[in-house]
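Let's take a walk through this one together. Have the sequence and the coordinates open as you read.

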Amino acid sequence: MNTHILGFPRIGRNRELKRALEHFWKGRSDETALLELARSIKKNNWLIQAEAGLNWITTGDFSLYDHVLDTLCMLGLVPDRFHGEQGKIDLTTYFHMARGDIERNVPAMEMTKWFDTNYHYIVPEFAGEPSVRLGSSRLLNDTKAVLALGLRPKPVLLGPLTLLCLGKQDRPGARWAWMAPLLEMYARVIAKLDPLCDWIQIDEPVLCTDLSPEARARALSAWARLAGAVSGSRLLLTTYFGPLAENLDLALESCFGGLHLDLVRGGEDLDPVLERLPESMSLSLGLVNGRNIWKTDLTEAAVLGRRVRDRLGPARVLMASSCSLLHAPVDLRSESDLPATLRAGMSFAVQKCHEVAVLGRSGLDIEASEELKANRADLASLRSDPLVCRATVRERTAAIDDTMLHRKQTYALRKPVQQAWLKLPPLPTTTIGSFPQTKSIRAQRKKWKKGLLDHEAYEAFLREEIGETIARQEALRLDVLVHGEAERNDMVEYFGERLDGFCFTQNGWVQSYGSRCVKPPVIFGDVARPQAMTVPWISYAQSRTDKPVKAMLTGPVTMLCWSFVREDLSRSEVCRQLALAIRDEVCDLEKAGIKIIQIDEAALREGMPLRHRDQESYLAWAVDAFRLTSAGVEDSTQIHTHMCYSEFNEIVEWIAKLDADVISIESSRSKMELLEAFRRFAYPNDVGPGVYDIHSPRIPTVDEIVALLKKALEVIPADRLWVNPDCGLKTRGWPEAVASLRNMVEATALLREEM
Ligand code: GLN
Ligand code: ZN
């Protein structure tokens, strides 16, 4: 059977692309050097696919920044503000679109999350009169380059429906005016590729979401225009990140030569597709998970592949990755420190290419194949690791009962009990947790990690930092202080390193946006907390002040969303284990005399399933996990949570169900408009809407903050309003942090006088 992947990571085995981009942006290297490096990464990626034995080599998946941005440049969809002198779309224009043109003060295009992944794409803009033209010919050149290597290229293009649906528009419905001119450009690109290849991959992941009626109505005619542009090659309609469900009919009527299904997340589509797939269509089976780091169960996948082959005939079946491998780290061979049993169960992008190739092998003997035998043994060794399934953890989660999800009394009754000993002034001021992660903090941590600084010396250094941070907050006259998170490299990694069931890769980087990469922790086994994780630091901070110190924890949903998660247990169950572990920490903090505890859930919103039909059940277990984490304390202990984004409209109701005493949210950039959702829903508890944007080095003025707080007071009564920045201050320098907070405290004082 034929084999292919939907795309390969672009960052290079050692994040070469990151370094090259950052050098180039700083003016330390030129365009030639950058493009030369890009060429070598691409060639390497193609050779990896060829060496694995894949039939088709994907082109057009590489990008210097983002593939949506590349598509915009290919189709000449460049917003007016970026047009240079001749309207050329050169590399300068390309990076201006991505990052803004500081010299001319032109803001970058917006960036947002690619479906439910942690990858960010550049948001297309459909504004003004539609204008398109044939731009970059990189895809054509790359496709020719693969041919020149004697390999068979399979170019990939982001499909027109997805491109249009993902963009923003200047007025309702405006995007659709762009469809016809865009399709002309698509058709011209496709016609040029047609003689060079067997397949052209058209990515339409938007089919795995709830489509608008407008989009549904236009899909078929759009695809027909593309299908009309090929003569020798065939178009493959690729869908991923979920089942097609109600959009399956559309896909089957596309007139394309093939359909790709994500069978990792959309297995429910397979039977209906086998019933109804038109004779003229091939089927690409996405069996190797592009979004995780675990080995595929090749026996199971091969059995499924065989069933499909027997039904459709081998010529109509392609074996594939579920989605692009962009979301997986590059090469497991870069890992030397992982425990052998765990490493045996893992597979990164390079290894996933081999898995796909094995599945395509003709005459694969499921019982006797050496590769399948080895795969079964590796998965068995992973499952047999004693930390994967632990009776003590399973017994505890099984014993969770409803009472553990409820505080003793309601918020209304808790509030006076808390105030009786917190004695906070009206409009209490606080911060979100982190203070600047200075060069010296990072340098000391590095030394300690390398063993160049002993543990006692490192801890003494951190205590000094914490003491200093407390003193600065006292000087600023903030009401609720924090220890500043100096000991934390990252809000998920720090806790993962202290919990059983987690492991860490050395080089498991995946692209988040542009040159930014993240290295998610891995949850491989049952989660348990061997000992307190934060208590000594918070207690030390509290010992240095008479004001209340707020403890900082990362919530279970965020821990889950920002990790690679095991696949042998449901996500909700893993989340419950995390919740119990963090609940223990909450209770220990309370025992140590800490009166306020914040549990950050930065990722609660992004963990939402793509389809409406799945969202409620997710929100239900996510909210329960938060409640399980937080509800073990006395009424007198105040629970805070923090979420840094501003799309609360559909979820305020669920946020209220968290029953946190106080929630802080990002809202300065939306000028407090998001509070409207809190008003409409009559959100009952305390709220701290951020009064300034921590993403920018600009220092907010006192007047500005006063104005925002007055706006907030129209929605949230004074006795429930807190004053804080939008998010943590770890990326800022001390001088800005202090100046901004000074203005925040002064603005609050002015308002208190008026009260
Ligand atoms: N407590 C964290 C901090 O201040 C919260 C970060 C976040 O929400 N992303 O850095
Ligand atoms: Zn935040």
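Leu17 is buried, as 24 other C-beta atoms lie within 10 Å (buried takes 20 or more such atoms within 10 Å of the residue's own C-beta, exposed 12 or fewer, partly exposed anything in between, with C-beta atoms placed from the backbone). Leu17 belongs to helix α1, residues 16–25 (helices are DSSP runs of H or I with at least four residues, strands runs of E with at least two, numbered from the N terminus). Beyond four places in sequence, Leu17 contacts Arg10, Ile11, Gly12 and Ile41, a contact being two backbone-placed C-beta atoms within 7 Å.

A caution before going on: this is a predicted model, where local features need pLDDT of at least 70 and side-chain atom pairs count only at pLDDT 80 or more, while totals for chains, interfaces and linings use all residues. Residues are numbered from 1 along each chain as its sequence is written, and chains are lettered from A and ligands numbered from 1 in the order written.

Trp562 sits in the loop between α21 (556–561) and β18 (564–565). Trp562 is buried too, with 22 other C-beta atoms within 10 Å, and it touches Val492, Pro520 and Ala603, leaving out residues up to four places away in sequence.

Now for the sheet. It is open and parallel, with 5 strands in the order β17-β19-β20-β21-β22; strands pair if DSSP finds at least two bridges between them. β17 (550–554) and β22 (686–689) are at the edges with a single partner strand each, so one side of each has no neighbour in the sheet. β17 pairs with β19 (residues 596–600) over 5 bridges, and Lys550 stands opposite Ile596 in β19.
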